Amino acid sequence: PYTTLFRSDEKFEKVDAGSSNTYPISCGEVKKGSYIVLKDRPCKVVDYKHFKVGKHGSAKANITGIDIFNGKKYENVFPVSHIVQMPEIKRTPYTLIDIDNDGYITLMDKEGKSRQDLKLPDEVEEDQKLAERIKAAHDEGKELIITVMECMGNEKIFEMADRKWLFLLLIFSIFLIIIIIIIKIKRKKAY
């Protein structure tokens, strides 16, 4: 009694719409500092202006964002009820192994797999400063953790941290947790 809508000999190809790594949110939920897609590019919102309902329609939002990969500024006006796309951003930490003369870096993930396909960032001035800091710290022999940001099919070195400082921060955090537990136990005994 059930009929199918497709013929058995039909073939479908998988296609990528380019926005598969995004999810919808209401324009009214967008805040300064959040990430949205403007002009098909993942952007960090640097300005959000809300305009009240006028005689010619609904409330509007003027959103200005900076592309997280190339630093270009994008701006768009949407009805507040409009659905916009928020990009899924993945941050992956790697240990820096080496930097070659062309600026390509060798990274190792937590499973021990290495990669050599990323270059030190150089798109905008902030990227160039980060690249110089990475080179200088590497030349000093510091063990660095490099964070790679991946979004909408693009990847970029996003930040660096000295592994020694991360270890000290971890020890300090554990120490604070132990102190909080001891205080809670003493308070319970006092009652």
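Predicted model: local features only at pLDDT ≥ 70, side-chain atom pairs only at ≥ 80, totals over all residues.
## Cysteines

The whole structure holds zero disulfides. Cys-43 is in none, and the nearest cysteine sulfur to it belongs to Cys-151, 9.4 Å away. A disulfide needs two cysteine sulfur atoms within 2.5 Å, so the sulfur of Cys-151, at 9.4 Å from that of Cys-43, is too far for a bond.

Are these two cysteines buried or exposed? Cys-43 is buried, with a relative accessible area of 0%. Cys-151 also counts as buried, at 1% relative accessibility.

## Pro-87

Pro-87 lies in strand 6, which covers residues 83–87. Its relative accessible area is 4%, so Pro-87 is buried, because buried means under 20%.

Which residues does Pro-87 touch, leaving aside those up to four places away in sequence? The contacts include Asn-21, Thr-22 and Tyr-23, as well as Tyr-35, Ile-36 and Val-37. Pro-42, Cys-151 and Met-152 are also among them. Asn-21 is 66 residues from Pro-87 along the chain, yet the C-alpha atoms of the two are separated by 6.0 Å.

Asp-40 counts as exposed, at 63% relative accessibility.

Most residues other than glycine have a negative phi. Lys-39 has a positive phi, near 55°. The phi of Asp-40 is also positive, near 65°.

Key. Residues numbered from 1 in each chain as written. Heavy atoms only, no water. Buried < 20%, exposed > 50% of the residue type's maximum accessible area, 1.4 Å probe, protein only. Helix = DSSP H or I, 4+ residues; strand = E, 2+ residues; numbered from the N terminus. Contact = heavy atoms within 4.5 Å.
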